[in-house]
Amino acid sequence: MSAVNESIMQRMTLGHLVEHYGWELVPPFAGHVTVTSLADDLDSIEPGALFHPGHDMSMDALRRARRAGAYAAIVPTSERDTLSDPDMPLLFADPTPEEVGTLASQMAGNPSNTLAIFAVSAATPQEGVATVDKLARFLHMLGNPVGTISVGGSYSLERPLELDYPLGIIDLQRALAICAEDGAAAVVIALNDLTVRAHALEAVNVDVLGSSLPAPANADRAMIERMQGEYGFRADEQMRVTSPTEESNTLAQYASEGDDAAERSRLSLAIAMVLAAGVRRNNIRNALRVAGDLQ
């Protein structure tokens with residue numbers, strides 16, 4: 001199953017999709033049909049869903065989707081002359097990952113607009129998992145309700161999210177929506193191929209991008225473009241890119257003298273990302289003092 005089905009979805013008419021994206025609707029008079037969720041596999045379909053199976057298209061899949069409660073489906077334009085009547089409206093389109101991400105975000109209530117998104121890149125998936133956990137616990141110590149999305153364990157505040165990894169575009173938006181509905185202020189995402197697929201972060205606004213590997217001076221733009229090309233997130237002028245700094249290293253050493261080098265490095269990146277988000281140094285020092293070595 002590739003999606004969490006409990007998040008509240010936004011209603012949208014097929015006519016709106018035709019008007020906004022220029023897709024072809026058959027039959028044309030079905031523009032009033034309202035869909036309430038987006039699903040990319042049969043197990044994720046709920047009554048009212050818009051089914052988007054991507055390349056796995058067949059008449060049998062469409063009929064099964066209709067029986068499961070789908071109100072409509074997006075099908076490739078190459079299938080325009082080969083499909084017989086599936087007994088539900090069809091949108092013939094070849095949506096880009098960006099369009100799918102925008103649609104999934106809209107139907108999930110644009111959750112990344114209300115969350116502070118911290119994205120962590122590391123040398124290995126295992127290192128990324130450990131750093132995500134460190135950063136999430138540190139944000140919690142600073143008084144922030146936190147969600148995490150990581151192959152090592154995803155959580156909305158304290159409750160686990162049962163997800164199938166790596167996450168696709170729709171899965172990620174729904175996980176973010178659940179975190180937002182639960183009252184999270186921030187979500188930490190592990191950027192690695194075990195956690196998320198290519199383009200999974202389309203339409204996700206990232207606030208702080210952190211890398212455990214220091215980038216060469218003035219290389220922020222190149223790093224952003226490389227990561228965007230891979231994962232598809234949105235990056236505006238306010239997004240901050242950081243790696244461990246001299247200041248974060250000093251604070252990490254002060255807080256965790258007994259930790260090994262790997263733990264100090266993870267804590268340093270967590271501190272650097274929180275500093276990049278605008279948290280004051282004194283608040284960080286106080287949190288570190290209370291948390292001890294965060295173990």
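Q: What makes Gly69, which follows α2, worth a look in terms of its phi?
A: In this predicted model, the phi of Gly69 is positive, near 120°, and this residue comes directly after helix α2.

Q: Which residues of helix α2 are called buried, and what does that word require?
A: Met59, Ala61, Leu62 and Ala65 of α2, a helix of residues 59–68, are buried, and because buried means under 20% relative accessible area, each of the four falls below that limit.

Q: Why are β11 and β14 said to stand at the edges?
A: The seven strands form an open sheet with mixed pairing, in the order β11-β10-β9-β12-β8-β13-β14. Strands β11 (159–161) and β14 (240–242) each have a single partner strand, so one side of each is left without a neighbour in the sheet. On average, neighbouring strands of this sheet are turned by 25° against each other, direction ignored.

Q: What makes β13 and β14 a pair?
A: Because two strands pair if DSSP finds at least two bridges between them, the three bridges that join β13 (residues 208–211) and β14 in the parallel sense meet the requirement. Within β13, Gly210 stands opposite Thr242 in β14.

Q: Which strands does helix α4 lie across, and which does α5?
A: Helix α4 (residues 125–141) lies across β8 (116–121), β9 (146–149) and β12 (186–190), and runs at about 170° to β12. Helix α5 (residues 169–182) lies across β8, β9, β10 (154–156), β11 and β12, at about 165° to β11.

Q: What makes up the largest nonpolar core?
A: This core has 29 residues, and those with the most contacts inside it are Leu176, Ile189, Leu191, Leu201, Val206, Leu209 and Phe233. At least two of its residues come from each of β8, α5, β12 and α6 (220–231), and the largest share, five residues, is supplied by α5. Leaving aside residues up to four places away in sequence, Leu191 touches Ala119, Val120, Ser121, Leu201, Leu209, Met227, Tyr231 and Phe233. Apart from this core lies another, of 25 residues, among them Val132, Leu267, Leu269 and Ala270.

Definitions and conventions. Residues are numbered from 1 along each chain as its sequence is written. This is a predicted model: local features need pLDDT of at least 70, side-chain atom pairs count only at pLDDT 80 or more; totals for chains, interfaces and linings use all residues. Side-chain values use heavy atoms; hydrogens and water are left out. Axes are lines fitted to C-alpha atoms, for helices over the stretch in contact, and angles run from 0 to 180 degrees between N-to-C directions. Contact means heavy atoms within 4.5 Å. A nonpolar core is a set of buried Ala, Val, Leu, Ile, Met, Phe, Trp, Tyr and Cys residues joined through side-chain atoms within 4.5 Å. Buried means under 20% relative accessible area, exposed over 50%, partly exposed in between (1.4 Å probe, protein chains only).
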